[in-house]
Amino acid sequence: HSENNHCAGCGVALQTEQPDQLGYVPAQALARTPIICQRCFRIKNYNEASGITLNQDDFLRLLTHVGGTDSLVVNIVDIFDFEGSMISGLARFVGTNPVILVVNKIDLLPKVTNYNRIVNWVQRQAKEAGLRVVEVVLCSAKKNMGFERVIEALELHRKGRDIYVVGATNVGKSTLINRLIRDYSDLDAELTVSQYPGTTLDLVRIPLDDGASIIDTPGIVYKHRLTELVSKKDLMKVMPDRPIKPLVFQLNDQQTIFFGSFARFDFVQGERQSFTFYVSNALEAHRTKLERADELYEEHRGVLLSPPSREELEDLPKLTKHPIRIPKNANLDVSVSGLGWIKVNGAAGAELAIHVPKGVKVAVRESVI
Ligand code: GDP
């Protein structure tokens, strides 16, 4: 490779086609010398990290690298898509390094929320997933909630070590790193480059004042999240941008609720009961009879049942049915990765069916709220 093909900042191979991939540089910026990738350019000039993504293999290699260091690992997850944004196998890969779980986007939870309960819930969920964490911190990187605690936790646990920040895409990692750069890093020091073997990626280090660094890693793309499958335009509708107002439906069995053409919820069998839907309020709910649901979808998908539009629907996998049995006296949510969750309020149990684009993760879990 000639030097021209590589970023003078982080060393990554340059490309001009895909802005969200590593090594992107706008074609017109190729005239500059030295040539640096857009990611380094933003960090250097605006102290701003931007979301870069990696595939599964490269991401696991990156985590293996992290496991070989003596560092503090900060794993950012999204409270709105907890199951979908947890990194599977993280515990195995980071080895003995301590992990702080930073749960972002808590501004999306309803105004009246018991945060201690949420922390306890997250701790139980993490344990169930086999991830031992030294601390769970709730925050909103966007609305600047809980951020002092994030910094305190970093100081408490890092003990002079580097901090690796890892997360899935869209969890708000860039937003959070940008706050860390502004509030916590040593802005006078030079950004340096940290190499790890086996990939083309060199990591950007953001210096701290004691010589250690925060290391921003690319986000992993999980195709089991609805947010990774929809168009940019629909992403804004699927991802709430303000506190969720839960939608409560009193339903008899044999009733169906559609959320646009993204998802369909069937109450197949059980006593009349209420279901609370925690989904973006930009999505419209349509109620119908279960026996009418197939026909309604065939006739109205992408139009009355939108988003997505008809054309966008072509690009989505077909709806697939997930039958779910909720036992008696359970306190459970059904979560749909990237769309939200449904709290089941009946004590008598229920037979449900959730229809979502094929591949989207559906999980039953202890109720978060
Ligand atoms: P990254 O892909 O993990 O780097 O995520 P970004 O920082 O680019 O954020 C992804 C999306 O989530 C953007 O639309 C952000 O505005 C939004 N976002 C980030 N942090 C928060 C937060 O604390 N609350 C809410 N509601 N949205 C957030």
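**View 1. The largest nonpolar core of the predicted model.** This core has 66 residues, and C37, V74, V102, V103 and V165 are the members that touch the most others. Both domain 1 (1-46) and domain 2 (47-222) contribute residues, so the core lies between these two domains. A separate core of 36 residues includes I257, A263, L283 and I324.

**View 2. Surroundings of V165.** With neighbours within four places in sequence left aside, the contacts of V165 are V74, I76, K173, I177, I214, I215, D216 and T217. K173 and I177 belong to the buried residues of helix α7.

**View 3. Helix α7, residues 173-184.** The helix contains 12 residues. From its first C-alpha to its last it reaches 15 Å, close to the 16 Å expected at 1.5 Å a residue. Buried positions in α7 are K173, S174, L176, I177, N178, L180 and I181.

**View 4. The loop around T96.** T96 sits in the loop that joins α4 (90-94) to β3 (99-104). S71 is 25 residues away from T96 in sequence, and their C-alpha atoms are 9.3 Å apart.

**View 5. The five-stranded open sheet.** The strands run in the order β14-β11-β12-β18-β15, with antiparallel pairing. β14 (285-289) and β15 (319-326) are at the edges; each has a single partner strand, so one side of each is left without a neighbour in the sheet. On average, neighbouring strands are turned by 20° against each other, direction ignored. Helix α10 (residues 290-300) packs on this sheet and touches β11 (255-259), β12 (263-269) and β14. The direction of α10 makes about 125° with that of β14.

**View 6. Pairing of β15 with β18.** Eight bridges connect β15 to strand β18 (residues 350-357) in the antiparallel sense. Within the pair, H322 stands opposite I354 of β18.

**View 7. Domain layout of the protein chain.** The domain assignment divides the chain into domain 1 (1-46), domain 2 (47-222) and domain 3 (229-366). The centres of domain 1 and domain 3, taken over C-alpha atoms, are separated by 42 Å.

Terms used:
Residues numbered from 1 in each chain as written. Predicted model: local features only at pLDDT ≥ 70, side-chain atom pairs only at ≥ 80, totals over all residues. Domains from an automatic or database assignment. Pairing = 2+ DSSP bridges. Helix = DSSP H or I, 4+ residues; strand = E, 2+ residues; numbered from the N terminus. Axes fitted to C-alpha atoms, helices over the stretch in contact; angles between N-to-C directions. Contact = placed C-beta atoms within 7 Å. Core = buried A, V, L, I, M, F, W, Y, C linked by C-beta atoms within 7 Å. Buried ≥ 20, exposed ≤ 12 C-beta atoms within 10 Å, placed from the backbone. Expected span 1.5 Å × (residues − 1).
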